[in-house]
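Have a look at the structure, then read on.

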Amino acid sequence: MHLKFSQDIKFLLQRLAQQPLSLGDVLAETSERGFSLVITLLVLPFLFPVPPGLTGPFGGACLILSVQMALGRRSPWLPKKIATYKFPRGFTQIILKNLQKVTKILEKITRPRLAQIAENPLTWRLNGLCISWLAILLILPIPLTNPIPPVGILLLAVATIESDGLLMCVGYVFTVLTSFLFGFIIYALWMAPSLLPQVFQ
């Protein structure tokens, strides 16, 4: 594993496999990098089949952290109730099993690029804003859509860690496309009650 994100995530997951760690423990160990690292850790499960009940707490924690990024904070903070949440052992096993698959893909597409974008102070805020919006879409109770927003969140979080301005731009485009998709789905669900009677006439 050559990416900084994959090395850090693998180290954290190995720690989690040895003893239960809380979100607060992870943030304390990773400092400023904790924003993107913990966000990555929180959304990775949604790329694969996960135990039910994780969307609320994981999506909520992701939203809280990303809002702080959007506000320009560099030191992450979580409410005590969320900070003391310990990752379940089954979660750790799922991520360790599938981390290599994700890393192989990301190693082919990310590296430090477009420093004028990646290192711009406003980019940190914009990344936080986009991740916040995608986290809201993740939390929405729309069936079969859970794997979509995490892809954009993962792209932006990894691009932030790896200082990849080009991948950030890809993440912005993905955020816009995801917004249009969810807008269409919500509109279709809203119109369904009035359209179904006409379909079955």
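## The second largest pocket

A pocket here is an open set of grid points with protein on both sides within 12 Å along at least five of seven lines. Keep in mind that this is a predicted model. The second largest pocket comes out at a volume of about 170 Å³.

So who lines the second largest pocket? The residues are Leu47, Phe48, Lys101, Val102, Ile105, Leu106, Ile109, Val151, Leu154 and Leu155. Two elements each give two or more residues to that lining: helix 6 (89-109) and helix 9 (148-162). Helix 6 gives the most, with five residues. By class, the lining has nine nonpolar residues, one charged residue and no polar ones.

## Charges and rings

Side chains of opposite charge can pair when their charged atoms come close. How many salt bridges does a search of the whole structure find? The search turns up one. In that salt bridge, the side chains of Arg113 and Asp164 meet at 2.7 Å, N to O. The pair ties together distant parts of the chain, 51 residues apart. Arg113 sits in the loop between helix 6 and helix 7 (115-118), while Asp164 is in the loop between helix 9 and helix 10 (165-199).

Another arginine, Arg74, lies over the face of Trp124, at 4.2 Å from the ring centre. As for aromatic pairs, the count is zero.

## Around Thr55

Thr55 belongs to helix 4 (residues 55-70). Leaving aside neighbours within four places in sequence, Thr55 is in contact with Phe46, Gly60, Leu138, Ile139 and Asn146. Pro45 is 10 residues from Thr55 along the chain, and the C-alpha atoms of the two are separated by 9.7 Å.

Conventions. Residues are numbered from 1 along each chain as its sequence is written. This is a predicted model: local features need pLDDT of at least 70, side-chain atom pairs count only at pLDDT 80 or more; totals for chains, interfaces and linings use all residues. Side-chain values use heavy atoms; hydrogens and water are left out. On a 1 Å grid over the protein atoms alone, a cavity is a set of points where a 1.4 Å probe fits but cannot get out, and a pocket is an open set with protein on both sides within 12 Å along at least five of seven lines; lining residues have an atom within 4 Å of a point. Grid points are joined across faces, edges and corners, and a volume is the space filled by probe spheres set on the points. Helices (H or I, at least four residues) and strands (E, at least two) are DSSP runs, numbered from the N terminus. Ala, Val, Leu, Ile, Met, Phe, Trp, Tyr, Cys and Pro count as nonpolar, Asp, Glu, Lys and Arg as charged, and the others, Gly among them, as polar. Rings of Phe, Tyr and Trp (its six-membered ring) pair if their centres lie within 6.5 Å; planes under 30 degrees apart count as stacked, over 60 as edge-to-face and the rest as tilted. A charge sits over a ring if NZ of Lys or CZ of Arg is within 6 Å of the ring centre and within 35 degrees of the ring normal. Contact means heavy atoms within 4.5 Å. A salt bridge is a side-chain nitrogen of Lys or Arg within 4 Å of a carboxyl oxygen of Asp or Glu.
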